[in-house]
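Q: I am new to this structure and would be grateful for a close look at a single part of it. Please describe how that part is built and how it sits within the whole.

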Amino acid sequence: MEAEQKPVPVMIVGVDDSEHSFYALEWTLDHFLTPSSPNSPFKLIVVHSKPSPTSAIGFAGPGAADVFPFVDADLKKIAARVVERAKELCHSKSVDDVNVEVVEGDARNVLCEAVERHHATILVVGSHGYGAIKRAVLGSVSDYVTHHAHCTVMIVKKPKTKH
């Protein structure tokens, strides 16, 4: 009688165009994923949330419709760069079994929904290291997912460089 194959746990890493998120991806690759191992401990899914053009513009007054196509094109270019950089980083660490997704929406919701959709075991995000005021104004993705994602959340902080 054959032993039942247990499903491989899913690890999601949220990335944006910041150095902090790519540091978190690199740290995760170095510490959790063995290069090209046939028995990788996790199925890796990298998720980038692309803001909607309307949320990026932040207003809907006269002229907004004129800028909309340009903003949308820029957001698509940024998303394509993020995806390419994530794939290159994974490949450079010999981790080629990776799915990269771009989902339009607010990063907080996109990541929590990805956890549900993929039945993730762990969600990894970087920490931007904002101070209290900036975090209060911008909102903290890591704080939100810590409280709302239905899995373990790991926040990877980039060490401060000493001068």
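A: In this predicted model, 5 strands form an open sheet in which the pairing is parallel, and their order across the sheet is β3-β2-β1-β4-β5. At the edges stand β3 (98–104) and β5 (152–157), each of which pairs on one side only. Neighbouring strands of this sheet are turned against each other by 25° on average, with direction ignored.

Within the sheet, strand β1 (residues 10–15) and β2 pair in the parallel sense over 6 bridges. In this pairing Val-10 stands opposite Lys-43 in β2. Helix α4 packs on the sheet, where it touches β1, β2, β3 and β4 (122–127). The direction of α4 makes about 150° with that of β2.

Helix α4 also has a helical partner. Two packed helices are described by the angle between their axes and the distance between the axes. For helix α4 (residues 107–118) and helix α6 (residues 141–148), the axes come within 9 Å and cross at roughly 35°. The crossing in which α4 passes α6 is right-handed. On the α4 side, the residues that meet α6 are Ala-107, Arg-108, Asn-109, Leu-111 and Cys-112. Their counterparts in α6 are Val-141, Tyr-144, Val-145 and His-148.

Ser-52 lies in the loop between β2 (43–50) and α2 (53–57). Because its relative accessible area is 17%, under the cut-off of 20%, Ser-52 counts as buried. Leaving aside its neighbours within four places in sequence, Ser-52 is in contact with Leu-75 and Glu-104.

These parts may now be placed in the whole. The protein contains 6 helices and 5 strands, and along the sequence they follow the pattern β-α-β-α-α-β-α-β-α-α-β. Of its 163 residues, 35% count as buried. Among contacts in the protein with a separation of 6 or more, 77% are accounted for by residues 24 or more positions apart. The accessible surface of the protein comes to about 10,300 Å², and 56% of that surface belongs to carbon and sulfur atoms.

Key
Residues numbered from 1 in each chain as written. Predicted model: local features only at pLDDT ≥ 70, side-chain atom pairs only at ≥ 80, totals over all residues. Heavy atoms only, no water. Axes fitted to C-alpha atoms, helices over the stretch in contact; angles between N-to-C directions. Helix = DSSP H or I, 4+ residues; strand = E, 2+ residues; numbered from the N terminus. Left-handed = near helix turned anticlockwise from the far one by under 90°. Contact = heavy atoms within 4.5 Å. Buried < 20%, exposed > 50% of the residue type's maximum accessible area, 1.4 Å probe, protein only. Areas by Shrake-Rupley, 256 points an atom, 1.4 Å probe, with all protein chains shown as cover. Pairing = 2+ DSSP bridges.
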